[in-house]
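Please look over the sequence and the model below, then read the notes by topic.

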Amino acid sequence: QVQLVESGGGLVQPGGSLRLSCAASGTIFGINAMGWYRQAPGKERELVALITSGGSTNYADSVKGRFIISRDNTKNTVYLQMNSLKPDDTAVYYCNANIRSSWSARYREVWGQGTLVTVSS
């Protein structure tokens, strides 16, 4: 059973920073793309940032220049450094990864349980 466990959410003032972490555990043979999504109250879940196994990144326009996604393949962990936070960034942030558990298995999509980020003064 593969799990993604997020940490690092919380309350921060506008202009502040937070760093989210997401660690994959269980039987893991390989991890392809990893990403962060968010869902604000009353809104659909949206992609925030994505990073491939080779390190290529993609960001939502709303976070470009403020957020940085990175990963440590030795630890099966993905990070999201969030700077210059705004109230509009308030949401539950979910980690997502495409993982396979053996050389013959297909990659399957796995989601974390979510971590709440609240940006408020």
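A charge sits over a ring if NZ of Lys or CZ of Arg is within 6 Å of the ring centre and within 35 degrees of the ring normal. The model discussed here is predicted. The notes cover charges over rings, an aromatic pair and a sheet.

**Charges over rings**
- R45 has its charged end over the ring of Y94, at 3.7 Å from the ring centre.
- The charged end of R19 lies over the ring of Y79, 4.1 Å from the centre of that ring.

**Aromatic pair**
- One aromatic pair turns up in a search of the whole structure.
- The pair is Y37 and W111, and it counts as edge-to-face because the ring planes stand at 65 degrees, with the centres 5.0 Å apart.
- Y37 belongs to strand β4 (residues 30-39) and W111 to strand β10 (residues 108-111), so the pair links distant parts of the chain, 74 residues apart.
- W111 has 32% relative accessibility and therefore counts as partly exposed.

**Sheet and hairpin**
- An open sheet is formed by four strands in the order β1-β3-β8-β7, with antiparallel pairing.
- β1 (3-7) and β7 are the edge strands, each pairing on one side only.
- From one strand to the next, the twist averages 15 degrees.
- Six bridges join β7 and strand β8 (residues 77-82) in the antiparallel sense.
- Four residues lie between β7 and β8 in their hairpin, and N76 in the turn has a positive phi of about 50 degrees.
- I69 has L80 of β8 as its bridge partner, and D72 stands opposite T77 in β8.
- In strand β7 (residues 67-72), F67, I69 and R71 make up the covered face, while I68, S70 and D72 make up the uncovered one.

Definitions and conventions
Residues are numbered from 1 along each chain as its sequence is written. This is a predicted model: local features need pLDDT of at least 70, side-chain atom pairs count only at pLDDT 80 or more; totals for chains, interfaces and linings use all residues. Side-chain values use heavy atoms; hydrogens and water are left out. Buried means under 20% relative accessible area, exposed over 50%, partly exposed in between (1.4 Å probe, protein chains only). Helices (H or I, at least four residues) and strands (E, at least two) are DSSP runs, numbered from the N terminus. Two strands pair if DSSP finds at least two bridges between them. Axes are lines fitted to C-alpha atoms, for helices over the stretch in contact, and angles run from 0 to 180 degrees between N-to-C directions. Rings of Phe, Tyr and Trp (its six-membered ring) pair if their centres lie within 6.5 Å; planes under 30 degrees apart count as stacked, over 60 as edge-to-face and the rest as tilted.
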